[in-house]
Amino acid sequence: MKELSVLLDFAGYIALLLWGVHMVQSGVQRAFGAALGVWLGKALGRRIRAFFAGLAITSLLQSSTATGLMITGFAAGGLVALVPGLAAMLGANVGTTLIVQLLSFKFTALAPGLIFLGVWLFRSHQAGPRKDSGRVFIGLGLLLLSLHELVGLFAPLNDAPLLKTILEALASAPLTGLILAAILTWAAHSSVAIVILIMSLAGHEMLGAELTYALVLGANLGTAINPILEGTSGNDRSQKRLPLGNLGTRVAGCLIGMLLLPWIPSIMGFFTSDPARAVANFHTFFNIAIAVLFLPILQPYAKLLTRYLPRKSDPDDPSKTMYLDDSAREVPAVAIANAAREALRMSDMLQSILSLAKSALQAGGNQSLNHARYLHRAISKLEHAICEYLGVLDHEDLSVEDRQRLNDVVIFASNISHAGQICVSALLAHVSQIKRYNWNLNSDQVTELEQLMSRLIRNQRQSAALFMAEDLKTARFLAFEKDHFREMELAASERYVKSLKAGEIENVEMGSVYLELLRDIKSINSYLVGAAAYPILAKHDELLPNRLRINEEAND
């Protein structure tokens with residue numbers, strides 16, 4: 001009975017440790033997740049910059065798994081090249097060691113204060129960064145508290161015969177220990193938690209020296225498994241290049257580590273005599289060594305991955321151009337017409353995305369978001385192809401009408417691409433957030449959103465028609481649609497403020513997200529107006545320079 005109680009205590013403290021890690025991650029992601037994603041996407045340009053970007057993001061998220069899934073998503077979407085993606089993964093693996101280094105010091109006394117501060121921030125603030133930072137402090141406090149309790153729990157287990165037998169068996173089979181640690185890390189989705197657990201066991205001298213470092217190697221191996229299983233989907237093997245490349249660096253490092261295992265304890269003993277600190281140091285040195293080893297050879301490594309994981313050719317791929325005939329460039333008017341037909345395909349794909357968004361608002365579901373992302377990637381690729389196709393035309397051979405039409409095609413394609421981006425990254429992302437937190441829109445909000453989405457889809461169709469057949473009256477009508485969407489957003493904002501003043505704060509977060517949905521829809525409509533209506537109105541000199549009223553007295 002005593003053994004069962006100890007096992008339950010152990011499982012409970014491990015669960016508390018994992019929950020603390022989860023609280024920190026969710027708090028940071030709620031507060032800064034979108035901004036971190038945008039910043040990371042922009043930073044993934046060059047190898048060294050990508051390395052430090054991955055390190056910085058993981059230091060905040062405290063999870064190389066979370067960063068790895070984010071980078072894998074960028075790579076699968078074609079938003080980041082393979083070499084900087086691999087560099088960012090190396091940086092993420094180094095970044096995850098920083099929290100382990102921090103927790104290896106004795107900060108247990110801070111746990112009650114951190115939890116108190118976190119609860120105060122969480123309970124006394126409305127939804128926002130301060131409330132989410134409360135989650136972070138609560139998570140840190142739970143981390144320290146669980147570590148303290150684990151240390152106390154392990155103390156009387158030093159003389160437990162069963163545990164000694166198990167650990168002695170693993171001591172003679174470090175490879176088995178490595179595999180076991182990898183499985184535990186994969187299941188826990190956190191190398192931080194597993195390495196901290198190894199530190200606790202090592203601190204009580206319950207692990208042999210070689211087994212200790214073999215377990216650390218296994219934790220580093222296990223953290224590379226989740227991006228492979230969860231980061232990509234589909235049959236395109238090229239999407240597996242980044243996660244498999246990251247796993248390859250881990251496997252290579254573990255092989256080298258296992259070969260050097262007999263000498264590692266003496267090397268780590270040179271830096272510290274504390275076994276727990278030695279685990280943290282080895283975890284950091286291992287990841288730095290892997291980064292130093294692979295950063296200079298990422299280019300040939302990426303070529304090897306590209307060769308053995310080729311991109312799957314899809315004959316139905318919507319991103320493949322259908323009308324951009326290279327031979328037509330000799331006749332600019334025909335080439336511009338071809339580009340216009342390709343731009344119309346982009347508009348058709350946008351209509352499909354808007355229809356998916358409308359359906360998702362009614363029923364929810366992640367499949368809508370995944371397919372919308374697929375379509376938007378195709379739209380982005382078509383936009384780039386159109387710009388490159390038109391960019392090589394000789395402008396000296398173009399008439400005034402041809403130049404105007406070329407500019408109209410580029411403007412239309414750019415606005416359609418931006419509208420799709422907002423629909424996918426903002427509108428559908430907010431729909432997924434509503435489903436994730438099980439929020440419910442009231443009947444008036446549902447009706448209003450359905451009406452706005454129907455109106456938006458109608459405006460998209462009119463925008464496509466205007467692009468092909470210029471009509472001043474329709475252009476004016478489409479431009480005035482901006483007033484309707486602006487008024488709808490303003491009215492919703494006023495209702496939201498009134499509900500707050502009336503003390504109706506039960507659905508504060510839902511109300512805020514609903515306003516974001518309206519802003520997203522209004523922004524998409526603005527891009528549709530800019531795609532086709534504004535060029536026609538500008539041609540007929542019916543656009544004001546700006547919306548500000550001219551103050552004649554000020555001019556005098």
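In this predicted model, helix α10 (residues 209-222) packs against α12 (241-259) at an angle of about 170°, with the two axes 9 Å apart. The pair is therefore roughly antiparallel, since an angle over 145 degrees counts as such. On the α10 side, the contact is made by A214, L217, N220 and L221; on the α12 side, L247, R250, V251, C254, G257 and M258 take part. The chain as a whole has 22 helices and 0 strands.

**Packing of α9 and α10**

- Helix α10 also packs with α9 (residues 191-203), at an angle of about 175° and with the axes 9 Å apart.
- That angle makes α9 roughly antiparallel to α10.
- The residues of α9 that meet α10 are S191, I194, V195, I198 and A202; their counterparts in α10 are T212, L215, V216 and A219.
- S200 is another residue located in helix α9, and S200 counts as buried because its relative accessibility is 7%, where buried means under 20%.
- The C-alpha atom of S200 is separated by 6.6 Å from that of A276, although the two residues are 76 apart along the chain.

**Nonpolar surface patch**

- A nonpolar patch on the surface is formed by I256, L259, L260, W263, I267, F270, F271, F285 and L293.
- Together, these residues have about 980 Å² of accessible area.
- Helices α12 and α14 (275-294) each supply at least two residues of the patch.
- F270, one of the patch residues, is found in the loop between α13 (264-269) and α14.
- With a relative accessible area of 71%, F270 is exposed, because the cut-off for that class is over 50%.

**Salt bridges**

- The structure holds 10 salt bridges, among them the pair formed by the side chains of E481 and R458, at 3.0 Å from N to O.
- E481 belongs to helix α20 (residues 472-501) and R458 to helix α19 (residues 443-468), so this pair ties together parts that are 23 residues apart in sequence.
- Within this pair, E481 is buried, at a relative accessible area of 3%, whereas R458 is partly exposed, at 33%.
- The side chains of E542 and R476 also meet in a salt bridge, with an N to O distance of 2.6 Å.
- Because E542 lies in the loop between α21 (508-539) and α22 (552-555) while R476 lies in helix α20, the bridge ties together parts that are 66 residues apart in sequence.
- E542 counts as partly exposed, at 34% relative accessibility, and R476 likewise counts as partly exposed, at 35%.
- A further salt bridge joins R519 and E489, whose closest N and O atoms are 3.1 Å apart.
- R519 is in helix α21 and E489 in helix α20, so the pair ties together parts that are 30 residues apart in sequence.
- R519 is partly exposed, at 31% relative accessibility, while E489 is buried, with a relative accessible area of 11%.
- E489 and R519 are linked with E516 and K522 in a network of salt bridges.

**The chain overall**

- Of the 556 residues in the chain, 47% count as buried.
- Among contacts between residues at least 6 apart in sequence, 80% join residues at least 24 apart.
- The accessible surface of the chain comes to about 28000 Å², and 60% of that surface belongs to carbon and sulfur atoms.

How values were computed:
Residues numbered from 1 in each chain as written. Predicted model: local features only at pLDDT ≥ 70, side-chain atom pairs only at ≥ 80, totals over all residues. Heavy atoms only, no water. Patch = residues over 30% accessible without salt bridge, like charges linked within 9 Å, V, L, I, M, F, W, Y side chains within 5 Å. Areas by Shrake-Rupley, 256 points an atom, 1.4 Å probe, with all protein chains shown as cover. Salt bridge = Lys/Arg side-chain N within 4 Å of Asp/Glu carboxyl O. Helix = DSSP H or I, 4+ residues; strand = E, 2+ residues; numbered from the N terminus. Buried < 20%, exposed > 50% of the residue type's maximum accessible area, 1.4 Å probe, protein only. Axes fitted to C-alpha atoms, helices over the stretch in contact; angles between N-to-C directions. Parallel < 35°, antiparallel > 145°, perpendicular 65-115°, else oblique. Contact = heavy atoms within 4.5 Å.
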